[in-house]
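Here are some short notes for a first look at the strands. Keep the model open while reading.

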Amino acid sequence: MRELRFVKALTALENAEALDPIVNKVKGIVNTIIQPQPVRDVLHGVPVGHAVHPAIILVPAGAWISAGALDLIPGMEKASKFLVGLGVLSAAPAVATGYTDWSEMHEQQMRVGIVHSAANAVATGLYAVSFIQRARGKHTSGKVLGFVGLALVSGAGFIGGHLSYRQAAGVNHAEEIPHRFPEGWQLLGPLYDFADNELNKAEVAGLPLLVLRRGDKVEVLSNTCSHLSAPLNEGELVSGDGGDPCVVCPWHASVFSMTTGEVEAGPATAPQPRFETRVVDGVIEVLLPNAG
Ligand code: FES
């Protein structure tokens, strides 16, 4: 089955460089306003292990869809007005989480994302005016504005789906590692081939690994950042809270513990797959629990 024409248009949007000036402007504003890092981490969803934006938009989207249904039933104006207002008020956290995630994406994702957010912004404005009209007793114009807003929100939702499922924004880019890595202990290489206290890159079964040797102790993570696939060995080795060695991703500065793989700071929300290690006759072996 062939793709519909408007899907091709959406794909073309990914390379619409004309959007870059507005993308850069909005990104600068978002990064100035949404601070400090712990606040950004909560908005990204670091504490819950995945993006929170898709869950938070359920409130305004649900309220507006319900208002649209009630608008078709005579005598439901009061309930419908309440839902329209609820949707407008609950849009704020959806905007905050969405823009925080968006501000640390690839440029193709940001171009699509800015159109997604613009459609939602116009829809929210229409719903705000719809609420005012309803409060003035002008229910017909309030309903018309609501239905136009609903069409825009639906279109924005489709674009958001393209962003997540086609462009893989907000998903765990390390999820497939356990499915691709072989079961059991695998040879990594001679212990002293790896520079001490540096980020080393290695490869086992075609998968890139990040290796940190400190004396005879070895920590190994997947080298592909769970956020958007950056090569972590090109990042920086730092000391985390409590002196734990951590790696800072070279692309968007997510911080991962080298000893646990846990996210110390976003935008990544999923941990890095961590490998168990042992040294047998001077050779490092690695094992990924649940692999295969
Ligand atoms: S690729 Fe974005 S933080 Fe690593």
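The model is predicted.

1. β9 pairs with β10, residues 283–287, in the antiparallel sense. Five bridges hold that pairing.

2. Strand β9 covers residues 274–280 and is joined to β4, residues 217–222. These two strands run antiparallel, with two bridges between them. Here V220 stands opposite F275 in β9.

3. The four-stranded sheet. Now turn to the open sheet with the order β5-β6-β7-β8. Its pairing is antiparallel. β5 (236–239) and β8 (263–265) are the edge strands, and each has a single partner, so one side of each has no neighbour in the sheet. From one strand to the next, the twist averages 35 degrees.

4. β7, residues 255–257, pairs with β8 over two bridges. The sense is antiparallel. V255 has A265 in β8 as its bridge partner.

5. Background for tracing the pairs. Strands of a sheet pair through backbone hydrogen bonds, in a parallel or an antiparallel way. Side chains in a regular strand alternate between the two faces of the sheet.

Key:
Residues are numbered from 1 along each chain as its sequence is written. This is a predicted model: local features need pLDDT of at least 70, side-chain atom pairs count only at pLDDT 80 or more; totals for chains, interfaces and linings use all residues. Side-chain values use heavy atoms; hydrogens and water are left out. Two strands pair if DSSP finds at least two bridges between them. Axes are lines fitted to C-alpha atoms, for helices over the stretch in contact, and angles run from 0 to 180 degrees between N-to-C directions.
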